Amino acid sequence: MKEFWLDWGKWKLKPKNDWKEKAKKTAALEAVKHVRDGFIVGLGSGSTAAYAIAEIGRKIREEEIEVLGIPTSTQAFYLAIRHGIPLTTLDEHPTIDLTIDGADQIDKKLNLIKGMGGALTREKIVALCSKKVVIVADETKLVEKLGENHPIPIEVVPFAVSHVISEINKLGGKPKLRETKGKVGPVITDNGNYILDVTFKQTENLTELNRKLKLIAGVVETGLFLRIADQAYLGKRNGDLMKLSRNR
Ligand code: A5P
């Protein structure tokens, strides 16, 4: 018999996605094999990166390696503390040896959409300061075409939000201000900003789209991570692991 859990919000039964949790954990554990003694490690955000953080903590305790972490969000910060990972900053260590992070969409060339957890700006800074970026996810994140049927999260300075919305409309995008759950009002990022989730009908040239978005005054960062990731481990439904690589 299938296991079910009750989604009280929608008042209907949903099958439990156990395979996804196993797949995410398998991917995360594989990625942590890249962590070496003495490494500065970028700690990603989200539920898959959380498995990697727990495994890094275990490695520090049981294999007695010395590692310093740089968290990409408040979530990663507290998880690192809980798992006993000593922390440092980009000011002390501007070059990171390895970053392990999740993603919301991944294409075969390892371009990504990130930011559904609202941590895109710090995630991108940490990734761009890293010698190697390894992405961990379950196989459902792999897509043929990035941005199709999926919004692009964009972090915006609150003062500029109306201006940014009007400029994004001119680019053919439909922005939606991300709202909190459990409190009324907009989501406030770790940097004190808002998030716009923007859907575009046309997602042919994402490099050009990203360039235009970054030129809008008030846009802090976009969730388009193009040619940033080096490797991805994707846990599959059947328990296997898919590996994707990109040459820098
Ligand atoms: C956080 O802002 C995101 O970029 C996450 O890395 C992304 O949403 C993946 O999260 P999950 O691993 O929970 O799917």
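Biologist: Which helix does Ala127 lie in?

Modeller: Helices here are DSSP runs of H or I with at least four residues, strands are runs of E with at least two, and both are numbered from the N terminus. Ala127 lies in helix α4. This is a predicted model, in which local features need pLDDT of at least 70 and side-chain atom pairs count only at pLDDT 80 or more, while totals for chains, interfaces and linings use all residues. Residues are numbered from 1 along each chain as its sequence is written, and side-chain values use heavy atoms, with hydrogens and water left out.

Biologist: Is Ala127 buried or exposed?

Modeller: Buried means under 20% relative accessible area, exposed means over 50%, and partly exposed is in between (1.4 Å probe, protein chains only). Ala127 has a relative accessible area of 6%, so it is buried. Leaving aside residues up to four places away in sequence, Ala127 touches Val133 and Ile228, where contact means heavy atoms within 4.5 Å.

Biologist: And Gly182, where is it found?

Modeller: Gly182 sits in the loop between β10 (173-177) and β11 (194-200). Its relative accessible area is 88%, so Gly182 counts as exposed. Gly182 and Ser47 are 135 residues apart along the chain, and their C-alpha atoms are separated by 19 Å.

Biologist: Which domains does the assignment give?

Modeller: Domain bounds come from an automatic or database domain assignment. For this chain it gives domain 1 (2-143 + 226-235) and domain 2 (152-220). Their C-alpha centres lie 24 Å apart.

Biologist: What area is buried between domain 1 and domain 2?

Modeller: The size of an interface is often given as the accessible area lost when the parts come together. Buried area is the accessible area (1.4 Å probe) that two parts lose on being put together, summed over both. Between domain 1 and domain 2 it is about 1,000 Å², and carbon and sulfur atoms give 51% of that. Of the area that domain 1 buries against domain 2, Thr121, Arg122 and Leu226 supply 38%, more than any other three residues.

Biologist: How many residues are in contact across this boundary, and how many salt bridges are there?

Modeller: In domain 1, 14 residues are in contact with 13 residues of domain 2. A salt bridge is a side-chain nitrogen of Lys or Arg within 4 Å of a carboxyl oxygen of Asp or Glu, and the count between the two domains is zero. Helix α4 (residues 120-128) gives the largest share of the side of domain 1 that touches domain 2, with four residues.
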